[in-house]
Amino acid sequence: MTQDKMRRIITACVSAATLLLTCLSIYLAYQWITIAVFNHRIDKLEKENAALEEQIAEDSEYAEYLETPIGKDWLAFEEGFVRENQ
């Protein structure tokens, strides 16, 4: 094997290795960005879920209040079914 042929082989190997490392680096960066986006979405959905659970708890307390006699009277008064005492 001549020295010129050896240089060409080494140059081809180095070029292939460089190309491979570049492709792998790009893929790794893409994966990191994708993971960051998904983590952001998860955090956003967890916050939204907590807010909805809090709203459900508040609404269930209000529903329990409306089931009491005082709550029913207040609801009837708000809707205009009962007049004020004159």
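## Overall form

The model is predicted, not solved by experiment. Start with the secondary structure. The chain has two helices and zero strands. Helix H1 covers residues 3-67. Helix H2 covers residues 69-79.

Now look at the dimensions. The C-alpha trace spans about 115 × 20 × 10 Å along its principal axes. The radius of gyration is 35 Å, whereas a compact globule of 86 residues would have one near 12 Å.

Cys 13 and Tyr 27 are 14 residues apart in sequence. In space, their C-alpha atoms are 21 Å apart. Cys 13 lies in helix H1. Cys 13 has a relative accessible area of 48%. Cys 13 is therefore partly exposed, since that class runs between 20% and 50%.

## Surface and burial

How much of the chain counts as buried? Of its 86 residues, 2% do. A residue is called buried when its relative accessible area is under 20%.

The accessible surface comes to about 8,300 Å². Carbon and sulfur atoms account for 62% of that surface.

## Charges and the salt bridge

The chain carries 8 positive and 15 negative side chains. The centres of these two sets lie 28 Å apart.

Side chains of opposite charge can pair when their charged atoms come close. The structure holds one salt bridge. Which residues form the salt bridge? Asp 4 pairs with Arg 8. Their closest N and O atoms are 3.9 Å apart. That distance meets the cut-off, because a salt bridge needs such atoms within 4 Å.

Where do the two partners sit? Both are in helix H1, four residues apart, so about one helical turn separates them. Asp 4 is partly exposed, at 45% relative accessibility. Arg 8 is exposed, with a relative accessible area of 61%.

## The negative patch

Six residues form a negative surface patch: Glu 54, Glu 58, Asp 59, Glu 61, Glu 64 and Glu 67. Take Glu 58 as an example. Glu 58 is in helix H1. Its relative accessibility is 44%, so Glu 58 counts as partly exposed.

## The nonpolar patch

A nonpolar surface patch covers about 760 Å². Its members are Tyr 62, Tyr 65, Ile 70, Trp 74, Phe 77, Phe 81 and Val 82.

H1 and H2 each supply at least two residues of the nonpolar patch. Which helix gives the largest share? H2 does, with three residues.

Trp 74 is one of the patch members. Trp 74 is found in helix H2. At 41% relative accessibility, Trp 74 counts as partly exposed.

Key:
Residues are numbered from 1 along each chain as its sequence is written. This is a predicted model: local features need pLDDT of at least 70, side-chain atom pairs count only at pLDDT 80 or more; totals for chains, interfaces and linings use all residues. Side-chain values use heavy atoms; hydrogens and water are left out. A salt bridge is a side-chain nitrogen of Lys or Arg within 4 Å of a carboxyl oxygen of Asp or Glu. Buried means under 20% relative accessible area, exposed over 50%, partly exposed in between (1.4 Å probe, protein chains only). Patches are made of residues with over 30% relative accessible area and no salt bridge: like charges are joined within 9 Å, nonpolar side chains (Val, Leu, Ile, Met, Phe, Trp, Tyr) within 5 Å. Accessible areas come from the Shrake-Rupley method with a 1.4 Å probe; for residues, only the protein chains shown count as cover. Lys and Arg count as positive and Asp and Glu as negative; His and the chain ends are not counted. The place of a charge is taken as NZ of Lys, CZ of Arg, CG of Asp or CD of Glu. The radius of gyration is taken over C-alpha atoms; the globule rule is 2.2 Å times the number of residues to the power 0.38.
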